[in-house]
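Dear colleague,

Please find the structure below, handed over for your reference. A short account of what was found in it comes after.

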Amino acid sequence: MLRRAIAAYESGAWAEAEAACNEVLSADPRQADALQILGNIRARSGDTRGAEPLLERARAASPGNVYVLNSLGGVYAANGRLSEAREALTAALGIDPGFPWALQNLGGILVEAGDRAGARRCFERALATDPRHVESVTSLADLAEKEGRLADARSLAGRALALAPGFPAARIVLAELDRRDGDYAAAESAMRGLLAASLRPGIEAAARNLLGRALEGLGRFDEAFAEFTRANDIDRATHAGRLADAEFAASPATLARLDGFVRATDPDRWTKPEADGLPDPVFLVGFPRSGTTLLQQMLAGHPSVATLEEQENLRDAHGPLLLAPGAFDRWTTMTAAELSGFRRAYRGRVEARMPRPVPGRVYLDKLPLNLALLPLLHLLFPGAKVILLLRDPRDAILSCFRNRFKMNAAMYRFLSLDMATHYYDAVMESAETARRRLPIALHVLRYEDLVADPRGEAARLLAFLDLPWDEGVLRHAETASRRVVLTPSASQVIQPVYRTATGQWRRQAAGLAPVLPVLGRWAEKLGY
């Protein structure tokens with residue numbers, strides 16, 4: 001019966017495999033292989049949360065089974081439990097250091113964490129064990145495309161397809177390369193051919209999103225919008241169970257409480273931190289897809305600026321000061337020493353990724369959605385400078401809707417126009433209240449002005465930061481090519497500044513029509 005289950009699973013007859021596994025488990029509830037197959041079926045169907053308990057049972061029944069450990073690590077990673085994922089995969093590699101699937105999955109986690117060099121080593125180690133491991137070849141191709149090594153990416157994707165003709169992930173990499181080369185018709189044809197087959201949800205969503213971007217290049221904007229919608233519907237169905245009702249530091253529910261607190265409180269009564277003699281960071285914020293990556297790369301070209309890629313450096317304060325019952329009471333009742341503890345935790349996370357502060361150097365912390373948490377930034381670092389980058393809200397929301405992000409509770413909000421617009425409204429309302437009520441040292445600039453006059457806007461920004469002019473800020477493409485960029489803008493910031501991203505919403509106004517009243521109100525308020 002177990003052999004029947006394995007054969008059915010490997011042939012794609014999942015209903016037959018599930019029935020056979022259940023029959024095996026009725027006789028032996030601890031049969032690890034049957035539990036693993038059921039877990040894999042759940043995961044590949046998109047139910048990664050439902051896969052977890054099955055694979056955990058399999059691990060308990062067979063702790064040294066590298067196949068179970070690998071499957072469990074992959075499911076943990078899909079569910080955002082990255083530390084547990086790394087533990088399971090490391091355990092598998094402790095048993096079999098060359099196990100290619102565990103190396104492949106660990107490499108994927110390292111990519112998400114920004115450790116591309118570590119990820120590359122994992123994929124190459126997998127290929128050293130199994131030179132025909134097509135998934136690792138494709139992952140190397142995808143890495144090369146993201147890093148702008150386009151010839152390497154095309155060669156690796158071709159190698160993957162030689163190993164496994166029609167391999168979906170490799171076809172997506174090649175189609176993305178065609179789109180980047182301006183051959184939109186080839187990209188469209190490739191994705192329509194791929195979508196004619198039955199695909200796993202994540203692959204189908206990626207293919208439909210790429211098809212939408214190819215159709216945009218061909219000027220077929222209504223069709224493109226329809227494909228973006230289909231891709232997001234798939235991703236929303238996949239992640240709804242885990243993320244739809246998740247509460248987090250910048251969730252709409254948390255922001256409503258924070259906004260109410262800031263409106264009613266006297267900021268002068270907030271606890272003040274102890275002086276520690278260290279320079280405050282500079283925070284770069286803005287609603288996602290508003291140009292913060294471009295501005296970060298410009299500033300990274302200045303010799304007196306150290307920049308940090310997107311990372312939740314404030315996470316140690318999120319629970320006690322935002323999410324826990326009575327969290328806002330602590331803003332006025334905790335001691336200065338307690339508040340300074342949160343500052344030390346923040347600095348510890350920063351220093352793990354960049355050198356310790358040196359006199360005269362600006363440390364730039366770029367996390368766009370810290371825009372929603374301006375009061376928390378001011379509580380912890382009342383002397384910090386904040387750079388706020390604005391963009392026409394209609395362009396920002398369209399860009400959020402049409403791009404695929406590393407999935408988390410905040411990015412889940414962008415999988416429908418209604419959710420994205422409601423979220424924009426909540427974030428901007430919280431930011432507006434903070435700007436009115438708090439004495440924040442704030443420099444506001446517009447993405448549209450930045451791309452129209454990069455020299456002038458950069459000069460004004462450097463003056464705000466008390467830094468001298470340096471031509472390096474205008475060589476952002478060169479700077480970005482040397483750095484790891486983790487956002488969907490990675491392929492864009494290695495190009496010269498361009499203005500084609502402004503006013504894009506007009507081409508897809510029909511699709512945006514249901515949310516234009518709210519976005520139009522914000523556009524008017526912000527001067528667009």
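Predicted model: local features only at pLDDT ≥ 70, side-chain atom pairs only at ≥ 80, totals over all residues.

Residues are numbered from 1 along each chain as its sequence is written, and side-chain values use heavy atoms, with hydrogens and water left out.

Strand 1 spans residues 282–285; strands (E, at least two residues) and helices (H or I, at least four) are DSSP runs, numbered from the N terminus. V282 and L284 point one way from strand 1, while F283 and V285 point the other way. In a regular strand, side chains alternate between the two faces of the sheet. All four of these residues, V282, F283, L284 and V285, are buried (under 20% relative accessible area, 1.4 Å probe, protein chains only).

Strand 1 runs parallel to strand 3 (residues 362–366), joined by three bridges, and F283 stands opposite D365 there. Four bridges join strand 1 to strand 4 (residues 385–390), also parallel, where K385 is the bridge partner of V282. Two strands pair if DSSP finds at least two bridges between them.

The axes of helix 13 (residues 201–217) and helix 14 (residues 221–243) come within 8 Å and cross at roughly 160 degrees; axes are lines fitted to C-alpha atoms over the stretch in contact, with angles from 0 to 180 degrees between N-to-C directions. Helix 13 is therefore roughly antiparallel to helix 14 (an angle over 145 degrees).

Definitions and conventions
Buried < 20%, exposed > 50% of the residue type's maximum accessible area, 1.4 Å probe, protein only. Parallel < 35°, antiparallel > 145°, perpendicular 65-115°, else oblique.
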